[in-house]
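Thank you all for coming; I would like to walk you through one structure, going from its surface to its sheets and then to the contacts between side chains. Please have a look at it first, and then I will start.

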Amino acid sequence: METKAQARTRKYTGFSFYLALLLFVGKRALAEIRYSIPEEVKDGTVVGNAAKDLGLDINSLFERRFRVVSESKETFFDVNQDNGALYVHKKIDREELCQGSGACLIELKILVENPLEIHYVVVEITDVNDHAPSFPEKHQIFEIGEQTLPGKRFQLHPARDPDAGINSIRTYTLSSNDHFTIDIRQSDEDKIPFLVLKKSLDREQASKHLLFITATDGGKPPRSGALNVSIIVLDTNDNRPVFSQEIYQIEIQENVPVGTSVIKINATDPDEGSGGKIEYNLGKTLKKKVYDIFELDKLTGEIRVKGEVDYEENDVYKLDIEASDKGTPPLTGECRVIIKIKDVNDNPPEIEVTSLSNTVSEDSKPGTVISLLSVRDKDSNVNGKIVSSITSDVPFQLQPSYKENTYSVITKNLLDREQVSHYEITIKATDGGDPPLSTFKTLNIQISDVNDNSPQFSQNPLQFYLSENNVAGKLIFSVSATDNDLNDNAAVSYHIVREGSKNDIMSFLNVNPDNGHITALKSFDFETVKTFQFHVVASDSGTPSLSSNVTVNVFILDQNDNAPVILYPVSSNGSAEGVEEIPRNVNAGHLVTKVRAYDADIGYNGWLLFSLQEVTDHSLFGLDRYTGQIRTLRSFTETDEAEHKLLILVKDNGNVSLSATATVIVKVVEPKEAFAASDVKSSTKADEDNNVTFYLMITLGSVSALFLISIIVLISMQCSKSTDFTSKYLQEPNYDGTLCHSIQYRSGDKRYMLVGPRMSIGSTIVPGNHANTLVLPDRRGTSGEVRPRISI
C-alpha cells in the first residue's frame with residue numbers, strides 16, 4: 001500500500017497535470033504560479049512578487065483588497081498591498097508541517113475584488129539539514145550465547161531523522177571490532193540496522209563487548225548520532241522463537257470500537273522448559289501514537305484496539321513485534337504487522353465562503369458573481385466526492401470553477417426589489433458515501449434599490465369640489481402619489497404644470513412640493529368661474545428622476561354671496577321706486593304692476609321670494625310671492641284713498657338670506673283721467689320698457705357668453721379625456737316675471753338639480769346639506785361625472 005507521502009506526491013503530480021491542462025485549454029482557467037523557499041527562513045522573507053506574476057496592476061492592489069485567504073488558523077504567508085510581494089509571515093518548520101520525504105506544498109488563495117477574482121499560488125517548502133539523526137535510546141544491550149553461530153543477526157534501534165530527501169539518514173557505521181559487522185535492511189522509506197555476528201563469541205575470552213553505532217545523514221555538512229551497544233556473552237539456549245510469518249498484513253475499518261481484536265500472531269520455540277516459553281512485546285522504536293492506539297497481549301500475541309482509529313490521521317500502521325523465550329540467555333524473533341485502515345464516511349462536507357457580497361443591486365445582470373465558496377471532505381475516494389447545489393427556490397445558481405470543488409454563486413435571473421427584497425440562499429454539499437452525509441450553508445442576500453418605479457396616483461383624473469369665496473392662501477385640497485422604491489428613489493415632490501397665458505387660473509394656484517397640499521392665492525367666484533382643470537406632476541428624487549402626472553378637475557360650488565337686484569321698478573335716479581296709475585273702476589284681480597328682480601346666485605341661493613312689508617290698505621292689494629305680480633283684491637270704493645304706497649321685500653332662499661326692497665306708489669284716478677294719462681304714461685312706459693329690455697339684453701348676453709364658454713371648455717374636456725362632461729341650458733317655462741338660476745348635475749347613479757320657485761312634477765326633495773337639491777328621474781345610463789346645466 002502506498003504511503004501518505006507517496007499519495008501526496010501523486011496528488012500534486014495530478015494537480016500539476018490538471019493545471020497544465022487548464023492553461024493549455026484556454027483563458028477560462030486563471031493562472032496558478034508556484035514558488036519554492038527553504039524552511040526556517042526569517043519572517044518577512046520575500047517569496048516572490050505575486051501581483052506581478054499574476055498580471056495584476058500594482059497601483060490598484062489596495063483598492064481591490066489584494067489579500068491571502070486561508071482555510072486554516074495558521075497563516076504562514078501574507079502579501080504586501082503596496083508592491084504586491086508575497087512574503088513569509090510566520091517561521092515554517094517543514095518537519096512539523098509535512099511528514100515524510102514527499103514534496104511539502106502549501107496552496108494559497110489570493111483574492112482580489114472589483115471584479116472578484118481568485119488565484120492559486122503553490123509554495124514548495126524545501127528541506128534544510130536542521131536535524132541530526134538520533135536514536136530512541138542511547139544504550140542497547142544484547143545477550144548472546146557463546147554457541148551462537150556466525151551470521152546471526154540482531155536488530156539495532158533504528159535512528160530517526162525528521163529531515164527529508166538527501167538530508168535524511170544515509171548510512172550506519174560500526175566501530176572497529178573482530179566479532180561483528182553491520183548490515184542495513186531497506187524497508188519502505190526506513191533503513192533498519194542489524195548487528196551481524198561474523199565470528200563466534202568465546203565467553204572465556206571476553207564476557208562483554210562494547211560497540212558504537214553511528215548514524216549519518218546526507219546533508220552538507222553531514223550530521224550524525226551515536227548508539228552504545230553492549231554485548232553480554234551467555235551460555236545455553238540455542239533456539240530462538242520463530243513467527244509463522246515474517247510480515248502480517250491486516251485491514252480494519254476506522255472508528256472500530258475499543259477492544260476490537262485486530263490479529264493474533266504466533267511464534268514457536270522448539271526448546272524445552274523455560275527456553276520454549278515465549279513472551280510477545282511491541283518494538284521499542286515505534287511512534288508514540290502506535291502505543292496509544294494498539295495494545296499487545298504478551299502471552300497470547302493478540303493485538304487489540306486501544307484508542308480511536310482515524311483514517312484521516314493515518315491510513316496505515318506498521319508494528320514491529322518481538323517474541324522472546326525465557327532461556328538463558330533468552331533468544332528473540334521478530335516480525336512486522338502492517339495494519340491498513342479502511343476509510344468510512346464519517347466526515348460531512350465542509351463549506352467555506354471565501355468572499356461574499358451581502359448586498360446586490362436589483363439591476364444586476366444575470367451572471368453577476370455575488371460569492372465565492374469552496375467545499376471539501378476529509379474522507380477519501382467516493383466518500384470524499386462532493387456534489388453541491390442550491391436547494392432554495394431563488395434566482396441564483398452555482399457555477400463551477402476550473403478548480404475542483406470551487407464555485408461561484410451568480411445571479412440566474414433579473415432581480416426586482418419591489419417583489420422580493422431579501423433572499424436566503426441555502427447551499428447543500430453532499431458526499432458520495434453510503435449513507436451520504438450533507439452540510440448546509442445559508443447566505444443572506446439583501447437586494448438594493450434602484451430607481452425603476454415612477455410615482456403613482458391612486459386615480460386619474462382627480463375631482464375636487466370647492467366652495468366659492470375661499471380664503472386666499474389657505475389649503476383647498478391635496479394630491480398624493482406613492483413610489484414603491486426606497487429612500488431618495490421614493491421621495492416624491494410635486495409641482496403644477498404652468499401653461500402660461502393659456503390658463504390664468506394656474507398662476508393663482510400653488511402646491512407644496514413636499515406634501516402635495518394645494519393652496520389658492522385668490523378667492524374664486526362661482527359667478528365668474530364654475531370649473532377649471534390643471535395638471536400636477538409628481539417626481540421622485542432618484543437619478544435619473546422618474547415622474548407621472550394627474551389631471552385635477554375642480555368644480556366651484558355656489559354660495560349665497562349675491563343680493564337680489566331690482567330690475568323693475570327703477571326710477572330715473574336709479575332707486576327702486578315706481579309710480580303706477582290705475583282707474584278707480586277696475587275690478588278685483590286687476591294687474592297693477594309686476595316687480596322684476598334678478599339674483600346672480602344659483603339654485604336656492606338664486607330663488608327669489610316677494611313679500612309686502614308695508615301697504616296702506618291690506619284689503620286692496622295682494623302680492624304673488626313667487627312672481628312679484630301686484631293685483632287688486634277688490635274693487636275701489638269712494639272712501640278709498642287716491643294714493644297708496646307699497647314696500648316690497650325681495651329676498652333669496654340662501655341659508656343666510658340676502659334681500660332688496662322696492663317701492664311702488666299706486667295712484668287711483670278717475671277713468672277719464674286714467675284714459676287721458678294713458679297716452680302720456682304709454683310713452684313713459686315705453687321708455688321704462690326699453691330700459692328693462694336693455695337690462696335683460698345685457699343679462700341674456702352675459703349668460704349666453706358664459707354658456708358658449710362652458711360649451712367650449714366641456715368640449716375640450718371631452719376631447720382630452722373619456723369623462724362625459726357636458727353643459728346645457730335648462731328653460732323654466734313655469735316661472736314668469738323673475739329671473740332665476742337653476743343647475744342640474746349628475747353624481748354616481750343619481751341626477752340632481754338645484755331649482756327655482758317652479759319644481760318639475762315627479763321630482764322629490766333630497767334631505768341633506770342643500771335643501772334646494774332635487775333628484776330627477778334618470779332617463780339614460782348611469783354616469784359618475786358631474787354635468788352642470790345652467791338656465792335663466
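In which helix is Phe694 found? Phe694 is found in helix H5, which covers residues 671–720; the helices I name (H or I, at least four residues) and the strands (E, at least two) are DSSP runs, numbered from the N terminus.

Before I go further, a word on the source: this is a predicted model, in which local features need pLDDT of at least 70 and side-chain atom pairs count only at pLDDT 80 or more, while totals for chains, interfaces and linings use all residues. Residues are numbered from 1 along each chain as its sequence is written, and side-chain values use heavy atoms, with hydrogens and water left out.

Coming back to Phe694, this residue has a relative accessible area of 48% and is therefore partly exposed, where buried means under 20% relative accessible area, exposed means over 50%, and partly exposed is in between, with a 1.4 Å probe and protein chains only. Together with Tyr695 and Ile698, Phe694 forms a nonpolar patch on the surface, with about 290 Å² of accessible area for the three together. Such patches are made of residues with over 30% relative accessible area and no salt bridge, with nonpolar side chains (Val, Leu, Ile, Met, Phe, Trp, Tyr) joined within 5 Å and like charges within 9 Å; the areas come from the Shrake-Rupley method with a 1.4 Å probe, and for residues only the protein chains shown count as cover.

Let me turn to the sheets. E27 pairs with strand E30, residues 422–431, in the antiparallel sense over five bridges, and Asp431 in E30 is the bridge partner of Ile386.

Another open sheet, again with mixed pairing, has four strands in the order E42-E49-E48-E45, and its edge strands, each pairing on one side only, are E42 (577–583) and E45 (609–615). Here E42 and strand E49, residues 659–669, pair in the parallel sense over seven bridges, with Thr663 in E49 as the bridge partner of Glu577.

Now to the aromatic contacts. How many aromatic pairs does the structure hold? The structure holds 14, counting rings of Phe, Tyr and Trp (its six-membered ring) whose centres lie within 6.5 Å, with planes under 30 degrees apart called stacked, over 60 edge-to-face, and the rest tilted. Among them, Phe294 and Tyr317 form an edge-to-face pair, 5.4 Å centre to centre and with 70° between the planes. Since Phe294 lies in strand E20 (residues 294–296) and Tyr317 in strand E22 (residues 316–325), the pair ties together parts that are 23 residues apart in sequence. Phe294 is buried, with a relative accessible area of 1%, and Tyr317 at 4% counts as buried too. I would also point you to Phe464, Phe477, Phe524, Phe532 and Phe534, which form one aromatic cluster.

Finally, the salt bridges, which are defined by a side-chain nitrogen of Lys or Arg within 4 Å of a carboxyl oxygen of Asp or Glu; by this rule the count comes to 22. One of them joins Glu113 to Arg67, with the closest N and O atoms 3.2 Å apart, and this pair links distant parts of the chain, 46 residues apart. Are Glu113 and Arg67 buried or exposed? Both Glu113 and Arg67 are buried.

Asp449 and Arg417 also meet in a salt bridge, at 3.0 Å from N to O; Asp449 is buried at 18% relative accessible area, and Arg417 is buried at 9%. In the salt bridge between Arg634 and Asp640, Arg634 counts as partly exposed at 23%, whereas Asp640 counts as buried at 10%. The last item is a network of salt bridges, which links Glu295, Asp297, Glu302 and Arg304.

Notes: Two strands pair if DSSP finds at least two bridges between them.
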